[in-house]
Every structure is written in structure tokens, then in C-alpha cells.
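Visitor: I would like to learn how to read a structure like this one. Could you walk me through a few features, giving the general idea before each case?

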Amino acid sequence: MPRLALTRPISASFARGELTYLERVPIDVDRARRQHAAYEGVLESLGWTIVRLPALDEQPDAVFVEDAGIALDELAVVAPMGASSRTGESRSVEEALARYLPVTRLTPPATLDGGDVMRAGRRLFVGRSRRTNAAAIEQFQRLLAPYEYEVIPVEVKGALHLKSACSVVGERTILANTEWVDMSPFAGMDALAVDPSEAWGASVLHADGHVVMPTGFPRTARLLAGAGLTVHEVDLTEIRKAEGGPTCLSILLPNLA
Ligand code: CIR
């Protein structure tokens, strides 16, 4: 079975999505579509087969599939999303995940975005953020304890999601903007800190020694290459205007063989 990456086309309404930390600036949606296609191309070059979910043109943020569902080895989890404007994205992500994995739902008052769930082996770091609340972290802990996942809460401040502020780039290595995330839960891991001039550079997608990251963060790219990772830079300027990055554009399914 090839490795599968779920993605979704950019919606016609993409330029009207949620913004939390960035000012709204015009987005060239056609250019965003070309950037998204290039991103999918990089995933394909790394051996992933793209499975495209149906476009949801009335849901501006629907391209950010990662937030609507989490795929683990044994099960998938969907949760009420942290932004009510994004509720309409959940059902089709759940349907897609259900083709491959049993799906469990978290229930209100929990809200959780997949951008706050970061995996390192059997540890799941979960950001307590504007989108993910304590009720979700509690339900997540209870649900996953029998599967021997350790769920570790992490305070996120200044960034939308945990994975806007940091990324696991190896079993024991984390790339982080240390201004935006409490680093104490990562004690024992090697930390690579992004240069303060590249505050948004810590959000990268790691798989098997490869890192997919946005262009525009040359110091971070050098830092990662120096740590032995193979770096693939993709122009994501239009997608970044919507506060998106390389992780949120896909759900990488576990090896289902
Ligand atoms: C939002 O605010 O929900 C979208 N405009 C951006 C979501 C990005 N998701 C992510 O980083 N996981």
C-alpha cells in the first residue's frame, strides 16, 4: 500500500479565511493554487500518493485539512474545531479518514485543531491554544491512554497553533520559536531554535529525514540541513497570508500495509 497524503483544493473563498495574528492583505488565489500544486508535487516526489478531498468552495479555510482530523497508527480522531466558521469542514475529513482507520469523535465542550497535535514516537504534544481547550486535552488523554500514547499538554502563546511555533524534526529533535512555546515539556529533546528574525520559520513538515518548509527562511533551512535533514523549500507566500504552513495542508496517513 503506498503512503497516502490527504489534501483538499484551495477554495474559491480562500481569501476570506480566519485570521488571528496577521493583518488581512490581498491574496492571489490562482497563485495560491499553483503553490498548493507545487506542495503536492513535493509530497509526491517524497513517495506520498495524494488523495484529494472534494473542494469546499464556501469554506475558506478548508485547504487546511490537518486541523479537521488526526490520523494515528490505530485510529483517527475528529473533534469540534476551534473556530466555529470551520465546522463545515469536519464531515468530509471524517468520511475520508473512515476509509482507512476507525474514527473516534471528541465531544463538546472540547474544541481541538489538528495543528495543535504534534507527534514524536508514542508521545503526542498537544498545544493549549486559542483553538484547543483543556476539555479536549482531557478527552484526548482518556481516549489514547489504552493505545499507549502519552498526551502531553503544551502552552502556546503568540502563535495560532502549537505547530505554528515548533515542529518535531526527528524522534528526539524539535525545531522551535522559543518565544511562542513553553519549552519545558520538551526537556530531554534536542532543541533547534530558529533565529528571531525568522519567527515563522519553525513550522515545517518532517517525514523520514526530509523537511518541507516555506521559502524565505534561509537561516532555518541552513540550521536543518546542518542537522542532517534534506530540506525541500516551497514557495507558500499566498498560503502564509492565510496563516497556513506546510503541515496544515495535508494529513499524512500512517503506514497502512
Ligand atoms: C485558520 O485560522 O484556521 C486558518 N486561516 C489557518 C489554519 C492553519 N492551520 C494550521 O497551521 N494547522
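**Reading burial, charge and pockets**

Guide: Let us begin with Arg 86, which counts as buried because its relative accessible area is 3%. Buried means under 20% relative accessible area, exposed means over 50%, and partly exposed is what lies in between (1.4 Å probe, protein chains only). The model is predicted, so local features need pLDDT of at least 70 and side-chain atom pairs count only at pLDDT 80 or more, while totals for chains, interfaces and linings use all residues. Residues are numbered from 1 along each chain as its sequence is written, and side-chain values use heavy atoms, with hydrogens and water left out.

Visitor: Which residue forms a salt bridge with Arg 86?

Guide: First the rule: a salt bridge is a side-chain nitrogen of Lys or Arg within 4 Å of a carboxyl oxygen of Asp or Glu. The partner here is Asp 67, and the closest N and O atoms are 2.8 Å apart. Asp 67 sits in the loop between β2 (48-52) and β3, and Arg 86 in the loop between β4 and α2, so the pair ties together parts that are 19 residues apart in sequence. Asp 67 is also buried, because its relative accessibility is 4%. Helices (H or I, at least four residues) and strands (E, at least two) are DSSP runs, numbered from the N terminus.

Visitor: How many salt bridges does the rule give?

Guide: The count comes to 17. Another one joins the side chains of Arg 119 and Asp 73, at 3.0 Å from N to O. Arg 119 belongs to strand β6 and Asp 73 to the loop between β3 and β4, so this pair ties together parts that are 46 residues apart in sequence. Here Arg 119 is partly exposed, at 31% relative accessibility, and Asp 73 is partly exposed too, with a relative accessible area of 38%.

Visitor: Which residues are linked in a network of salt bridges?

Guide: Arg 31, Asp 235, Glu 238 and Lys 241 form such a network. Within it, Lys 241 pairs with Glu 238, and their closest N and O atoms are 2.9 Å apart. Lys 241 is partly exposed at 25% relative accessibility, while Glu 238 is buried, with a relative accessible area of 2%.

Visitor: What does Gln 35 touch?

Guide: Contact means heavy atoms within 4.5 Å. Gln 35 lies in helix α1 (residues 29-45) and is buried, with 4% relative accessibility. Not counting residues up to four places away in sequence, Gln 35 touches Val 234, Asp 235, Leu 236, Thr 237, Glu 238 and Ile 239.

Visitor: How should I read a buried charge such as Glu 243, and how far away is the nearest side chain of opposite charge?

Guide: For charge, Lys and Arg count as positive and Asp and Glu as negative, with His and the chain ends not counted. Glu 243 is buried but has no salt bridge, and Arg 131, the nearest side chain of opposite charge, is 6.0 Å away. Glu 243 is in the loop between α6 (237-240) and β15 (251-252). A polar atom of the Glu 243 side chain lies 3.0 Å from the backbone nitrogen of Thr 20. Leaving out residues up to four places away in sequence, Glu 243 touches Leu 19, Thr 20, Tyr 21, Leu 22 and Leu 160.

Visitor: What covers the buried residues of α2?

Guide: The buried residues of helix α2 (residues 90-98) are Ser 90, Ser 92, Val 93, Glu 94, Ala 96 and Leu 97. Their cover includes β1 (3-7), β3, β4 (76-78), β5 (103-105) and β15.

Visitor: What is the volume of the largest pocket?

Guide: On a 1 Å grid over the protein atoms alone, a pocket is an open set of points where a 1.4 Å probe fits, with protein on both sides within 12 Å along at least five of seven lines; lining residues have an atom within 4 Å of a point. Grid points are joined across faces, edges and corners, and the volume is the space filled by probe spheres set on the points. The largest pocket has a volume of about 940 Å³. Among its 32 lining residues, Ala 71, Arg 119, Leu 205, His 206 and Leu 252 are the closest to the centre.

Visitor: Which strand gives the most to the lining of the largest pocket?

Guide: That is β6, with four residues. At least two lining residues come from each of β3 (70-71), β6 (117-120), β9 (166-170), β12 (205-207) and β15.

Terms used. A polar contact is a pair of N or O atoms within 3.5 Å; within protein, one must be able to donate a hydrogen and the other to accept it, and residues adjacent in sequence count only if both atoms are side-chain atoms.
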